[in-house]
Amino acid sequence: MFDGYDSCSEDTSSSSSSEESEEEVAPLPSNLPIIKNNGQVYTYPDGKSGMATCEMCGMVGVRDAFYSKTKRFCSVSCSRSYSSNSKKASILARLQGKPPTKKAKVLQKQPLVAKLAAYAQYQATLQNQAKTKAGNIAVSMEGFSWGNYINSNSFIAAPVTCFKHAPMGTCWGDISENVRVEVPNTDCSLPTKVFWIAGIIKLAGYNALLRYEGFENDSGLDFWCNICGSDIHPVGWCAASGKPLVPPRTIQHKYTNWKAFLVKRLTGAKTLPPDFSQKVSESMQYPFKPCMRVEVVDKRHLCRTRVAVVESVIGGRLRLVYEESEDRTDDFWCHMHSPLIHHIGWSRSIGHRFKRSDITKKQDGHFDTPPHLFAKVKEVDQSGEWFKEGMKLEAIDPLNLSTICVATIRKVTQNFLLNGLTTSGKLAPLQHQ
């Protein structure tokens, strides 16, 4: 609250011009301590009894230097502004370190100690917010660690085999705990890159917790890594590639014949398939490429589609930018096998609503995605009972994916239903496939 606190032996007084003051201010005694507040200097004549707080702006000063007969305001402008409702409402909020609100009440004759405490609390809040913001920035720069998250909470991660559409989803069965791999040895003082054998202790998706051979039950150097990474190899890779196998420095003294130790430990053990890296590479090849044009659901109007362009492909997921987005920020993420994307012309072929683009000509480099790249809808025998308009069913609420609600079929197209979602008696159009 105070810009500074000094002691002064010079004569000091506080006065104002006749144009601004409502009454004359008597001269104050000299040789008194000084309080500097908001650029103005006031003497401190007799301790707390001589202090006053402006009920408009909250400034603390000498009571005799204040204006009006009641000494409630520090200046004429504060006295005149006191009648303004917006100003009144902001007083309490300002003193308490809060943004002003319409419902705030005027603080009447609050003790100086209470005001100082409120200000101190406000400053502490600002410091905490600054520390929190700095901490959040540090966390965001470090990134999220699945390994630390799984370990610290003793969680169990869903295995890769549960996701058939994901890379390596159909050929992950050979990866399990106790599988041995050759990895870089980080506990080594040699200037060149060397390797050592490690075993999988725990799996969490593509990530594995590894422990170097020879550490037995010692987890001091355990580390997490991505099994699909370029530095992870099956046992025997070093011998075939001419790379050295060097035991970690921490355990070099444990055995004199490391070759015999490895033969004993690896007999009957499993390792990665010889073609594992090739399978990883093949599973990361995607038919969708940047600059391809597709029809995708309009995220602002779920009952229609519009044209979008593939901006990037990550793990089979497509970042689609709507064609009319000038700054490339109006995007939409979905998997390449999602039923929400279709080839150009799909909406017209089945009679579905479609938002025409204002762009009459394809931009340079953009081209339509071949129809065979999209997931095909299974053929269904429609000769018997089939969906009809007006039928009721249960459907996922697209605006609240954790909720299933009653829906009404509003339109039936080729292998496609347009539903009306019933929530509290109201209908909202949505698409459900």
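Tutor: The discussion below takes each term in turn and sets it against its definition.

Tutor: This is a predicted model, in which local features need pLDDT of at least 70 and side-chain atom pairs count only at pLDDT 80 or more, whereas totals for chains, interfaces and linings use all residues. Residues are numbered from 1 along each chain as its sequence is written, and side-chain values use heavy atoms, with hydrogens and water left out.

Student: What is the mean pLDDT of the chain, and where is confidence lowest and highest?

Tutor: The pLDDT is the predictor's confidence in each residue, from 0 to 100. Its mean over the chain is 74, and 66% of the residues reach 70 or more. Confidence is lowest in strand E1 (residues 4-6), with a mean of 35, and highest in E6, at 95. Over residues 1-49 the pLDDT stays under 50, and it is also below 50 over residues 421-433.

Student: How many helices and strands are there in the chain?

Tutor: The chain has eight helices and 20 strands. These are DSSP runs numbered from the N terminus, a helix being H or I with at least four residues and a strand being E with at least two.

Student: Why is proline 184 called buried?

Tutor: Buried means under 20% relative accessible area, exposed means over 50%, and partly exposed lies in between (1.4 Å probe, protein chains only). Proline 184 has a relative accessible area of 18%, and therefore counts as buried. This proline lies in strand E6. Leaving aside neighbours within four places in sequence, proline 184 is in contact (heavy atoms within 4.5 Å) with Lys193, Val194, Phe195, Tyr212 and Asp231. Of the 433 residues of the chain, 36% count as buried.

Student: What makes strand E7 largely enclosed by the rest of the structure?

Tutor: Strand E7 covers residues 195-204, and seven of its 10 residues are buried, so the strand is largely enclosed.

Student: How do you know that E7 pairs with E6 and with E8?

Tutor: Two strands pair if DSSP finds at least two bridges between them. Five bridges join E6 (residues 180-184) to E7, and six join E7 to E8 (residues 207-212); both pairs therefore meet the definition. E6 and E7 run antiparallel, as do E7 and E8. Valine 181 has alanine 198 in E7 as its bridge partner, while lysine 202 is partnered by leucine 209 in E8. E7 and E8 form a hairpin with two residues between them, and glycine 205 in the turn has a positive phi of about 70°.

Student: What makes a set of residues a nonpolar core?

Tutor: The members are buried Ala, Val, Leu, Ile, Met, Phe, Trp, Tyr and Cys residues, joined through side-chain atoms within 4.5 Å. The largest such core has 25 residues, of which Leu210, Ile227, Leu272 and Phe276 touch the most other members. The elements giving two or more residues to this core are E6, E7, E8, helix H6 (258-266) and helix H7 (276-283). E7 gives the most, with four residues. A second, separate core of 18 residues includes Leu302, Val310, Phe332 and Phe374.

Student: How do you know that the buried residues of H7 are on the same side?

Tutor: The buried residues of H7 are Phe276, Val280 and Ser283. They cover an arc of only 70° around the axis, which puts them on the same side of H7; the arc is that of the directions from the helix axis to the C-beta atoms. On the other side of H7, Ser277 and Glu282 are exposed.
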